[in-house]
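Here is a friendly note to read alongside the model. Take the points one at a time, and keep the structure open as you go.

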Amino acid sequence: MIENDSKLSIEKSASGRRALVFNARNKNGIKIPQHLLRDTEPLLPELSELEVIRHYTLLSHKNFSLDANFYPLGSCTMKYNPRINEIVSSLKNFEDLHPLSDDACAQGTLELLYHLEKALCEICAMDATTLTPAAGAHGEFTGAAIVKAYFENKGEKQRVQIVIPDSAHGTNPATSSMLGFETVEIKSNEKGQIDIETLKKALSERTAMLMLTIPNTLGIFEADIEKIVSIAHNSGVVVYMDGANMNALIGILKPGDMGIDLMHLNMHKTFSTPHGGGGPGAGAICVKKYLEPFLPVPRVIKEKGMFRTKSDCPLSIGKIKSFFGNTAVLIKSYAYILSHSNDSLSEISKNAIINANYLLKKLGKLYPPHNREYCMHECVLSCPEELLKNQVRTLDVAKRLLDFGLHAPTVYFPLIVKEALMIEPTETESKETLDAFIQAMQKIYEEGKYHPETLKKAPINLATKRMDETFAARNPDLRWESKKTCSSKV
Amino acid sequence: MYSANTKEDQTSMLKEIGVSSFEELIRQIPEKFLNPAFKFNDKALDEMQILKRFEELASKNTPPLNFVGAGAYERYVPAAVKYISQRGEFLTAYTPYQAEASQGLLQTIYEYQSLVCALFEMDVSNASLYDGATSLAEAVKAAVRITGKKEIICSNLLNPEYEKTIRTYVNGSCLITKLNSPNGVCETNTLNEKLESGNIACVIVQNPNFLGIIEDMPKISEITRSKGVLFIACADPVSLGLLKPPGAYEADFAVGEGQSLGLPLNFGGPYLGIFTCKKKYLRQMPGRIVGMTKDKEGKRGFVLTIQAREQHIRRNRASSNICSNEALCALMAGIYLTLLGPKGLRELALLNHNNALAALDKLTKNQKIKLRFARPFFNEFVVDLGTETSLLRKKILKEENIDIGLPLGFMGEEFRNCLLVCATETKNEEDFERLAGALEKNL
């Protein structure tokens with residue numbers, strides 16, 4: 001049975017009902033040959049404007065969000081998205097600007113982007129920045145393309161490998177493949193860090209790049225970072241930093257100072273722009289001077305007091321998307337940066353680290369931590385043995401958290417930790433919220449030990465019960481095909 | 001400053017953690033790297049100052065009366081689109097990994113996929129990619145994977161931004177051959193010859209093409225597919241209110257720039273990569289896909305599905321590295337299409353077409369202005385002004401704050417007097433009057 005509240009818009013449709021109307025001014029008719037015209041009406045819903053608003057408003061009620069719920073997804077940095085940033089990025093003169101406008105019309109936006117690039121260079125101790133990548137993974141793609149172009153220009157085409165620790169995000173090896181590199185995965189040691197001897201063996205004259213996530217996905221800073229970077233550099237290898245976890249470092253350390261050659265930043269993580277249910281983000285790439293000629297176009301430059309875009313860069317990797325980057329997202333991130341000063345920037349990472357360690361300390365007693373020492377901005381725990389013994393798994397713990405109005409942490413990642421729960425509270429959560437989360441986790445532990453069936457059934461309090469993902473994968477139903485029956489399978 | 005902890009909180013938490021200072025928590029970091037000096041902002045701005053600073057910056061932009069399209073189109077953004085997409089429940093959610101807590105968002109994505117499939121008449125759509133150009137590049141990569149062939153034929157009237165993006169994405173691993181269009185549309189005879197090579201993965205044609213002209217897509221698709229080569233159509237979604245959709249001519253992949261569906265220009269982004277294909281290529285699709293399923297009580301529900309294609313599962317064997325997409329833009333496009341319905345969409349497309357016809361009519365009253373190609377177009381067309389257009393554009397911009405269109409000199413000598421002019425629903429007779437007047441004065 002289909003409950004009223006999960007009806008699709010198409011199922012609410014009534015022939016002839018209208019919402020948005022454009023008054024016709026069609027005196028010229030259609031001057032297109034009949035055989036190139038559409039001959040069937042597309043199957044779009046017909047609703048009144050109120051019905052559209054109500055449909056989407058009711059859907060919004062069926063959704064956890066950072067505004068309403070603690071959302072401690074590890075690696076995702078779900079920090080508060082300041083509303084002033086939404087206001088300023090949607091100022092009319094920003095929104096109405098066409099990307100192919102003459103630079104003279106775009107002086108405000110170009111000035112902003114120019115200064116944002118400079119600020120990111122300063123925050124990371126890098127020399128040049130491109131703001132064109134649309135997301136973190138798009139930044140990785142851009143970075144790998146830059147390194148490829150650099151070695152081709154240098155005449156070292158034999159460098160076809162990228163070395164990546166096994167704790168890395170899936171995007172790292174996927175990026176490597178997209179550009180035709182071979183991925184060489186290196187095993188982390190028992191502490192979850194890079195083993196120097198393993199690294200040495202993996203690097204050769206065939207290595208182009210070493211991709212590091214700092215701190216790594218276990219929330220640990222590579223204590224041997226100096227040695228690691230110097231070993232890579234001695235082999236002529238470029239060191240890339242995946243900056244997804246920059247919220248742990250911002251204001252207390254500049255990656256460029258450690259010898260990082262290039263890195264990406266996720267504006268939708270560290271720099272507070274909203275995740276929007278999966279995007280849009282923005283993924284700036286910051287590089288050292290020697291890699292600047294390879295940055296994608298267009299660049300933003302200042303010349304004779306004017307800001308302009310520049311595309312005639314002979315060594316550039318070219319275009320990575322149409323036009324410019326995700327400008328509206330970038331504007332938000334610049335507003336966030338300006339709400340901090342030189343001195344207060346470190347408050348971000350400092351509080352993020354305190355919050356994560358507080359959770360580690362309090363939860364580590366029940367949920368075994370991967371790492372008994374202190375963590376950076378996130379910690380990785382596992383589902384306790386006592387619970388596993390009762391057939392309760394990490395997934396069940398996660399689903400039960402939803403019943404308490406708390407979003408689950410990232411689960412089953414990093415892959416090298418069994419039954420992982422990866423928790424990143426961020427600096428914008430209060431101690432009271434963390435305490436409520438701790439209490440819920442303690443209660444779940446008790447339930448798992450004495451009433452495991454409660455966890456297996458979770459979520460219990462939500463309108464929707466546990467979803468059948470296997471059914472979805474085996475019977476793909478990926479769109480409506482008619483107004484009435486929506487169960488016909490692709 | 002958005003941190004929640006007070007000084008007292010910090011102290012008590014550090015005490016509970018069991019350290020006497022914050023520094024103990026980060027002792028793995030070599031000391032010499034710690035606490036560098038910054039110089040990006042002497043004083044943090046408060047909220048009021050931020051608003052003022054950004055209003056000042058925005059006022060330095062001077063958006064003109066704009067007749068440039070060329071892949072990004074000035075659209076009216078309906079109030080309901082803005083209103084709903086700014087709701088915190090959508091704006092501040094993450095990717096719906098926890099399905100039970102994300103049913104609203106998942107359903108909006110399922111509906112977006114349905115709306116796009118209906119519009120394009122294609123079998124399946126993903127949840128979005130970054131923009132039209134990257135969608136096309138991903139389609140090309142999928143075609144190369146499917147066929148195992150390494151040559152790509154691409155219309156020379158594909159948006160140059162897209163062609164450049166494809167080049168970066170294939171990064172030297174494929175040969176790209178251009179198909180000439182001396183008469184403003186693809187030459188099908190040449191296509192036939194080029195297809196003889198036997199090593200072609202796919203043919204890419206954009207409709208309307210970069211010059212705004214409507215291609216004979218059914219014919220091109222037929223020729224391409226009859227040689228066993230995959231056909232990739234790149235279509236403007238609003239034009240599909242009038243034009244034959246890619247599914248009707250059996251395109252294997254159909255992509256497009258979703259910015260047209262009610263998104264602001266925003267100087268290039270965020271936009272929306274529409275990606276659709278035939279169902280047999282589902283498992284080669286990049287990005288997220290939402291499917292309908294049921295919960296354990298049998299009630300309808302939605303989940304992310306067919307995830308074995310994706311980077312977080314398949315790592316270096318994934319179909320793409322994409323993780324973050326343009327979900328909120330897809331939500332906006334979905335609301336937009338839901339508001340329009342089939343009638344509204346047709347009205348909108350007709351209005352665009354008629355505005356472009358009206359603009360052309362007004363311009364060609366001037367004997368010096370000629371339509372460059374006598375071919376059907378949608379909402380964009382090329383005129384020859386009899387004089388070099390890029391200086392003229394700057395001059396009229398400066399004097400009248402009108403952007404007359406995109407000068408096409410970069411396409412070659414034969415286009416140096418040409419201008420690509422676009423008129424969407426946002427323009428009216430008065431605007432065309434101003435454009436014609438400004439050109440009259442300067443020609």
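How far apart do the C-alpha centres of domain 1 of chain B and domain 2 of chain B lie? They lie 28 Å apart.

Before the points, some housekeeping: this is a predicted model, in which local features need pLDDT of at least 70, side-chain atom pairs count only at pLDDT 80 or more, and totals for chains, interfaces and linings use all residues. Residues are numbered from 1 along each chain as its sequence is written, while chains are lettered from A and ligands numbered from 1 in the order in which they are written.

1. Let's stay with chain B. Its domain 1 is made of 65-74 + 341-442, and its domain 2 covers 79-337; such bounds come from an automatic or database domain assignment. Where the two meet, 22 residues of domain 1 are in contact with 19 residues of domain 2 (in contact: C-beta atoms, placed from the backbone, lie within 7 Å).

2. Which elements give two or more residues to the domain 1 side of that meeting place in chain B? They are α11 (327-363) and β12 (380-384) of chain B, and α11(B) supplies the largest share, 7 residues. Helices (H or I, at least four residues) and strands (E, at least two) are DSSP runs, numbered from the N terminus. By class, this side of domain 1 of chain B has 14 nonpolar, 4 polar and 4 charged residues. Ala, Val, Leu, Ile, Met, Phe, Trp, Tyr, Cys and Pro count as nonpolar, Asp, Glu, Lys and Arg as charged, and the others, Gly among them, as polar.

3. Now look at chain A. It is divided into domain 1 (85-338) and domain 2 (347-472), with C-alpha centres 31 Å apart. Here 18 residues of domain 1 of chain A are in contact with 17 residues of domain 2 of chain A. The domain 1 side has 8 nonpolar, 8 polar and 2 charged residues.

4. Next, the two chains together. Their contact takes 174 residues from chain A and 168 residues from chain B. On the chain A side, helix α10 (residues 346-363) gives the most, with 9 residues. That side of chain A has 90 nonpolar, 47 polar and 37 charged residues.

5. Finally, a detail to find in chain B. Strands β3 (residues 151-155) and β4 (residues 175-179) of chain B pair in the parallel sense over 5 bridges (strands pair if DSSP finds at least two bridges between them). The chain crosses from β3(B) to β4(B) through helix α7 (residues 160-170) of chain B, and this β-α-β crossover is right-handed: with the strands pointing away from the viewer, the path from the first strand over the helix to the second runs clockwise. Within the pair, B:I153 stands opposite B:T177.
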